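The questions below go through one protein model, step by step. Keep the sequence and the 3D view open while reading.

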Amino acid sequence: MTISQGDTIPDATLVRMGENGPEEVQLSELTRGRKVVIFGLPGAFTGVCTTAHVPSFIRTRGDFADKGIDEVICIAVNDPFVLRAWGEATGADRADITTLGDPAAEFTKAIGMNFTAPPAGFYDRSRRYAMVVENGRVVTIHAEESPGVCETSGGEALLATL
């Protein structure tokens with residue numbers, strides 16, 4: 001079942017790069033008592049993810065903060081080493097966008113956003129989506145029908161809902 005507006009997001013153990021290397025982080029800790037944006041995408045260093053999706057949140061990060069968003073979180077089915085390099089390459093790290101890895105796609109599968117596309121080498125990757133989560137509950141969610149499109153899940157489209 002795909003996650004919907006009003007649902008509580010499942011807790012998940014994700015990974016990020018810390019000062020001493022990879023570290024686990026509980027998604028519930030990042031969302032408890034906070035208002036956050038979570039956006040998911042097929043993968044770091046892939047076309048639309050790098051040229052459209054992340055840049056849309058870089059452009060709008062300050063506007064989200066002005067609307068009371070505490071944190072903008074990007075989740076991808078990648079390891080934390082790749083996500084750190086990608087955050088540096090795209091400027092997401094300088095824009096204060098948190099990149100979290102879901103390397104086994106556990107969170108992605110739990111919210112029903114996984115897809116597989118063998119010709120592209122994608123197995124259990126994330127569909128493209130963006131959601132506003134307040135205290136662990138989905139307030140708004142926009143999911144794309146095609147992973148090659150970034151329209152309703154982009155920063156500007158999600159910002160327009162606040």
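A disulfide is a pair of cysteine sulfur atoms within 2.5 Å. The model discussed here is predicted.

Q: How many disulfides does the structure hold?
A: A pair of cysteine sulfurs counts as a disulfide within 2.5 Å. For Cys-74, the nearest cysteine sulfur is that of Cys-49, 7.8 Å away. The sulfur of Cys-150 is 8.4 Å from its closest cysteine sulfur, also in Cys-49, which is too far for a bond. The number of disulfides in the structure is zero.

Q: Is Cys-74 buried or exposed?
A: Buried means under 20% relative accessible area, and exposed means over 50%. Cys-74 has a relative accessibility of 1%. Cys-74 therefore counts as buried.

Q: Which residue makes a polar contact with the side chain of Thr-98 through its own side chain?
A: Thr-98 is located in strand β5, residues 97-101. Beyond its neighbours within four places in sequence, Thr-98 is in contact with Glu-71, Val-72, Ile-73 and Cys-74. The polar contact between side chains, at 2.6 Å, is with Glu-71.

Q: Is Thr-98 buried or exposed?
A: The cut-off for buried is under 20% relative accessible area. Thr-98 has 15% relative accessibility, so this residue counts as buried.

Q: Why is β8 described as largely enclosed by the rest of the structure?
A: A residue is buried when its relative accessible area is under 20%. Strand β8 has six residues, and it is largely enclosed because the number of them that are buried is five.

Q: Which residue of β8 stands opposite Lys-35?
A: Strands β3 and β8 pair in the antiparallel sense, over six bridges. In β8, the residue opposite Lys-35 is Glu-134.

Q: What is the bridge partner of Ala-130 in β9?
A: Strand β9 covers residues 137-143, and six bridges join it to β8. These two strands run antiparallel. The partner of Ala-130 in β9 is His-142.

Q: Which residue in the hairpin of β8 and β9 takes a positive phi?
A: The hairpin has two residues between its strands. The positive phi there is near 50°, and the residue that takes it is Asn-135.

Q: Where does Phe-45 lie?
A: Phe-45 has a phi near 65°, which is positive in a residue other than glycine. At a relative accessible area of 47%, Phe-45 is partly exposed. Phe-45 is in the loop between β3 and α2.

Q: In which strand is the place of Asp-124?
A: Asp-124 is not a glycine, yet its phi is positive, at about 50°. Its relative accessible area is 25%, so Asp-124 is partly exposed. The strand that holds Asp-124, residues 122-126, is β7.

Notes:
Residues are numbered from 1 along each chain as its sequence is written. This is a predicted model: local features need pLDDT of at least 70, side-chain atom pairs count only at pLDDT 80 or more; totals for chains, interfaces and linings use all residues. Side-chain values use heavy atoms; hydrogens and water are left out. Buried means under 20% relative accessible area, exposed over 50%, partly exposed in between (1.4 Å probe, protein chains only). Helices (H or I, at least four residues) and strands (E, at least two) are DSSP runs, numbered from the N terminus. A polar contact is a pair of N or O atoms within 3.5 Å; within protein, one must be able to donate a hydrogen and the other to accept it, and residues adjacent in sequence count only if both atoms are side-chain atoms. Contact means heavy atoms within 4.5 Å. Two strands pair if DSSP finds at least two bridges between them.
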